[in-house]
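Subject: Handing over the structure

Dear colleague,

Here is the structure that I promised to pass on to you, together with its sequence. Please open it beside this email, and then read on for what was found in it.

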Amino acid sequence: MLDHCSISHKGGIVLWSRAFTPVASQMASSSSSPVNSLIREALIEGRTTERYEKDGYAVKWTFVNDLELIFVVAYQRILQLTYVEDLLTAIRTLFVKLFEPFLATFVASLHAMNTGKLSQSAGSKTAASTWDFSKAFAGWDTMFDKLLKTFEEKAAQERRLRTRPATNRSAAVESSTPPSDDQSTTPSQAVSESLDEQQIARKVQALKNRLRGRGGRRGGRGLGRAESGSGRDSLPNSDSDTPSKSKRKAKTKEQRKWGESAPSEIDMAALDFSMDKSSDNFARADNLDLNALVDQASLGTRTEDGMYEIKDWEFAKGTSDFTDAVISQALKANGVASAPKAQSSTSSLGALGSLFARFTGSKVLTEEDLKPVLEAMKQHLMKKNVAKDISEKVCEGVGEGLVGKKIGGLQTISAAVRVALSNSITRILTPKTSTDLLLSIRTKLNSPLPSKQQRLPYSMTFVGVNGVGKSTNLSKVAFWLIQNGLRVLIAACDTFRSGAVEQLRVHVRNLSMLGVNGAADSKGRVELFERGYGKDAAAIAKEAITYAKDHDFDVVLIDTAGRMQDNEPLMRALAKLVAVNNPDKILFVGEALVGNEAVDQLTKFDRALRDFSAASGGAGKGRGIDGMLVTKWDTVDDKVGAALSMTYVTGQPIIFVGTGQTYTDLRQLRVANVVQAILSD
């Protein structure tokens, strides 16, 4: 357990400190504290010792010379904490990574004060009264606690591993000790664990049977006769078996009776094992935990009009996910033998801004000046999971906007580059069509029609490659629609994958049990339309739309089988479904984890749908992708380049992103948040 930890400037300003015991808290402000003694006796005098001890305390420290920071940890010398050095390195890496822009500005202000003929003590005093460290380092306490807990748990686990082999070796020695020839030796078995008289008698009789060749595995016939008797001659499989269990006969499979006449409906129902019985469904429904289906923290909000709006995806460094990611990066960096180098104070402008550090004064940028910068920009975008071709085209656009521009000073150059890159990405991600699905649905449902014409429901088709999560995210969209008071029919048009229909049936059962606006359930608001396996998907979708029209459903969600973009027969079948049914919205479901593959998938899906649907004829001929739903968005942190790649290829917007396993884990994308994530270092 630590006693004290602090981060301070070489000028004597304490940026952050933490005392873990009351004694350490009282000593921190006194001149006799171990930290103050370290500064007086070691640091000021320039002693290069790896460890400093004072009054029973052990003190260790490390520096960041470029930022003039000192990281100090003090603990009881008797404790022998082995993780202190690793903890110091991780704290240094994490603290500099998070707050380097502020630290660089702070150090620069101190230097400016000293340059202005102020004494160092006066400059430090002025800086301490000017800067609000508690606000600047907000959130650091939480990150420090997590980091410290990680190292303490790791040290505890190592201690357990060190003690476990000794226990195992002692147990092995005891088990390998040869039996003693001394007849007076006390048995090692406890009295409570001794066998009763009846069990001993059975074991003795079984041993005799083996000696006569009647028992054991080779004497199966004799064993059968012994089991058919009173049961005393049989040997149980274990000591815990009872005599009644040995008498019990093995349960045999009942033979199925096949008659010569045709089976009746009752016989057919008894032989049908393709679907669960209704009683089983009700039994499972009663045991279903509804709280596991909905994440209360991910629930959307209700507007004044009663509409249910899902949350926006936000990229913020204050989130716990970002905290865990940064800590894990610090731990990985800590695993390197050599200490990580401290970054320069000018790197607060980021990876892109640092490339302009050599430019000073007023200058007109040329292609030669921008060539290395654009190459670094391309590498930055590729690290963010943007496809290579898209990265090159985006950088070309940024370069065209910067060539011939007059810039003056480092900050102006950095601002110009970031503005140009931000404008380019924003222009690509800005949707050309409306992304308000509810508005589109209500517009179609409320549009005037001739008196004799029946209104068609709003239909959406979900397409994509195998295993990206089409059925799961379709159910999330269904939950969102149900919460907005719409009746949803799910069409099971994946007639190829085993279990696809059953998966949708489970989703429909779950959705029907979740309430709407405080109601106990939402039965009647969602149904499943399925015709089994091996059928024509286009015909099933057409029947589903007709069924929805006749039964007053508002929306039809069509689930399709996953297929690779190079499989022409399957792509023709998908294009036929689109051409025959002409859905209102065709959503491509893709993963956020893909890079260059996203371009290939979307390009070939869009081209195949347009070409093959035009050749098939019908109302939906020539249709392509209308929008995207990106799944597994919660696994990529700030590497959100797949959104840029997908939007660039099709020119269509990203409607939703999936962020988890529950029905509420659906988010909307805002262009500003995506741009912020892509530009982050």
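The buried residues of helix α22 are Ala598, Val599, Gln601, Leu602, Phe605, Asp606, Ala608, Leu609, Phe612 and Ser613, where buried means under 20% relative accessible area, exposed means over 50%, and partly exposed lies in between, with a 1.4 Å probe and protein chains only. Please keep in mind that this is a predicted model, in which local features need pLDDT of at least 70 and side-chain atom pairs count only at pLDDT 80 or more, while totals for chains, interfaces and linings use all residues. Residues are numbered from 1 along each chain as its sequence is written, and side-chain values use heavy atoms, with hydrogens and water left out.

An α-helix has 3.6 residues a turn, so residues three or four places apart point the same way. The buried residues of α22 pack against α15 (388-402), β10 (458-463), α21 (568-581), β14 (585-591), β15 (627-631) and α23 (641-650). The names follow DSSP runs numbered from the N terminus, with helices being H or I runs of at least four residues and strands being E runs of at least two. Helix α22 covers residues 596-616, and at 1.5 Å a residue its 21 residues should span 30 Å, which agrees with the 30 Å between its end C-alpha atoms; the expected span is 1.5 Å times one less than the number of residues. Just after α22, glycine 617 takes a positive phi of about 75°.

Next come the helix pairs. The axes of α21 and α22 come within 8 Å and cross at roughly 65°, where axes are lines fitted to C-alpha atoms, for helices over the stretch in contact, and angles run from 0 to 180 degrees between N-to-C directions. This crossing of α21 and α22 is right-handed, a word used if the near helix is turned clockwise from the far one by less than a right angle, with left-handed used if it is turned anticlockwise. The contact is made by Glu568, Met571, Arg572, Leu574, Ala575, Lys576, Val578 and Ala579 of α21 and by Lys604, Phe605, Ala608, Leu609, Phe612, Ser613 and Ser616 of α22, contact meaning heavy atoms within 4.5 Å. These residues divide into nine nonpolar, two polar and four charged, where Ala, Val, Leu, Ile, Met, Phe, Trp, Tyr, Cys and Pro count as nonpolar, Asp, Glu, Lys and Arg as charged, and the others, Gly among them, as polar.

Helix α21 also packs with helix α20 (residues 537-550), at an angle of about 30° and with the axes 8 Å apart. The two helices α20 and α21 are therefore roughly parallel to each other, since angles under 35 degrees count as roughly parallel, over 145 as roughly antiparallel, 65 to 115 as roughly perpendicular and the rest as oblique. In this pair Ala537, Ala538, Ala541, Lys542 and Ile545 of α20 meet Lys576, Leu577, Val580 and Asn581 of α21, and the residues of the contact divide into six nonpolar, one polar and two charged.

A further pair is helix α18 (residues 470-483) and helix α19 (residues 500-513), whose axes come within 10 Å and cross at roughly 25°, which makes α18 roughly parallel to α19. The crossing of α18 and α19 is right-handed, and the residues of their contact divide into six nonpolar, five polar and no charged.

Some single residues also deserve a look. Asparagine 385, in the loop between α14 (367-383) and α15, has a phi near 80°, a positive value in a residue other than glycine, and it is buried, with a relative accessible area of 17%. Lysine 632 has a positive phi of about 55° although it is not a glycine; this lysine 632 sits in the loop between β15 and α23 and is partly exposed, with a relative accessible area of 30%. Glycine 641 lies in helix α23 and counts as buried at 0% relative accessibility; leaving aside residues up to four places away in sequence, glycine 641 touches Lys384, Asn385 and Val386.

For the chain as a whole, there are 24 helices and 17 strands, and of its 681 residues 42% count as buried.

Best wishes
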